[in-house]
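Hi,

Here is the structure I said I'd send over. Have a look at it first, and my notes on the pockets and the cores follow below.

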Amino acid sequence: MTDSSLVSGYDAVFSDLDGVVYAGPHAIPGAVEALGRVADSPVRLAYITNNASRSSETVAAHLRELGAPATAANVFGSAQAGAELLAAKVQAGASVLVTGSATLRAAVEAQGLVCVDSAEDEPDAVIQGFDPGLGWKDLAEAAFAVGRGAVWVATNTDMSIPQARGIAPGNGTLVAAVGAATGRVPFVAGKPEAPLFTTAARHLGVERPLVVGDRLDTDILGGTNAGFDTALVLTGVDTPMTALAARTPERPVYIIENLAALFVPYRQPVWDGESYSCGAASARVDGSVVVITGDSSDLDSWRAACAAWWAAYPEVEAAVAPEIRWSVTPRS
């Protein structure tokens, strides 16, 4: 790793999993090798996941099967973050109704809290995380306790989860059911809220992590909410176009092709008084149009376009896709 590489400016890399490390059952090409380089450097490595039903060791074992360096100590899930968030909001030894997996229950018990099984036990708090075995009776117990004023924490609010047969309801839909019944809103630990990221930073003892993810609405927004720099990696969901159109808190600091790009210098767009230039590409804004001189397949063109558009419209509350006009002849 050279002093000028992107990652050298940070003391940790906080990596998302799906879309960054792997896609389906397979590792993304080059990802395992790049993660190995991070692990062999002074930069700390952490994996950040909203999954609250799998333990850190289970996730780490899966990563090791793919060839990535991982232990339970550097995997941070929303169950752990949720339990620690809850522990900060109740007294030591408080009783907690756990609506979720055995992993979530273990995380709560690790905080010295007492797990109960029913709202009739008058729990001080409710923590809610995904588990495929949850049913109406479980949600009803949670609603009874939340409705009576128990502190309420949700591990995450993902509305959907991908399954082999299609898209299924996620924890967010179950949380929404309890919210609809009680009129209350929970504290949330997972992405895109800050606690999951700050939990990882606290445990690793780092102050300047780089959050790397493929989703603007979870990874990038979550990193921003935690006050950390972010890098959008283009191996998953979001694209240069969705990054260009993103609302302000979902705009990444960096846009990179893949994890290997952490180990090369990052070309920052530069304002020359008329346009933003990046490598051989340049971009300027004319009203609601971004005029790009460059090649659409060149990431520098998109970096220049983002810099120009974001500078022209720094505070955007909703995603707005500008019109783009291309000039295929790059500047010399």
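**Pockets and cores**

Thirteen residues line the second largest pocket, and S55, S56, A79, Q80 and T103 are the ones nearest its centre. Bear in mind that this is a predicted model. The space in that second pocket comes to about 150 Å³. Helix 2 (56-66), strand 5 (75-77), helix 3 (78-87) and helix 4 (102-110) each put at least two residues into its lining, with helix 4 giving the most, three residues. By class, the lining has seven polar residues, five nonpolar and one charged.

Now for the largest pocket, which has a volume of about 1200 Å³. Its lining takes in 37 residues, and D18, D158, S160, I161 and P162 lie nearest the centre. Strand 10 (160-163), strand 11 (166-169) and helix 8 (216-226) supply at least two lining residues each; strand 10 gives the most, with four. You'll find 15 polar, 13 nonpolar and nine charged residues around this pocket.

On to the packing. The largest nonpolar core holds 56 residues, and those touching the most other members are Y47, L63, V212, I256 and L262. Helix 10 (residues 299-312) contributes the largest share of this core, nine residues. A separate core of 34 residues lies apart from it, with A12, A46, L104 and I127 among its members.

Cheers

Terms used
Residues numbered from 1 in each chain as written. Predicted model: local features only at pLDDT ≥ 70, side-chain atom pairs only at ≥ 80, totals over all residues. Heavy atoms only, no water. Core = buried A, V, L, I, M, F, W, Y, C linked by side-chain atoms within 4.5 Å. Buried < 20%, exposed > 50% of the residue type's maximum accessible area, 1.4 Å probe, protein only. 1 Å grid on protein atoms, 1.4 Å probe; cavity = no way out; pocket = protein on both sides within 12 Å on 5 of 7 lines; lining within 4 Å. Points joined across faces, edges and corners; volume = space filled by probe spheres on them. Nonpolar A, V, L, I, M, F, W, Y, C, P; charged D, E, K, R; others polar.
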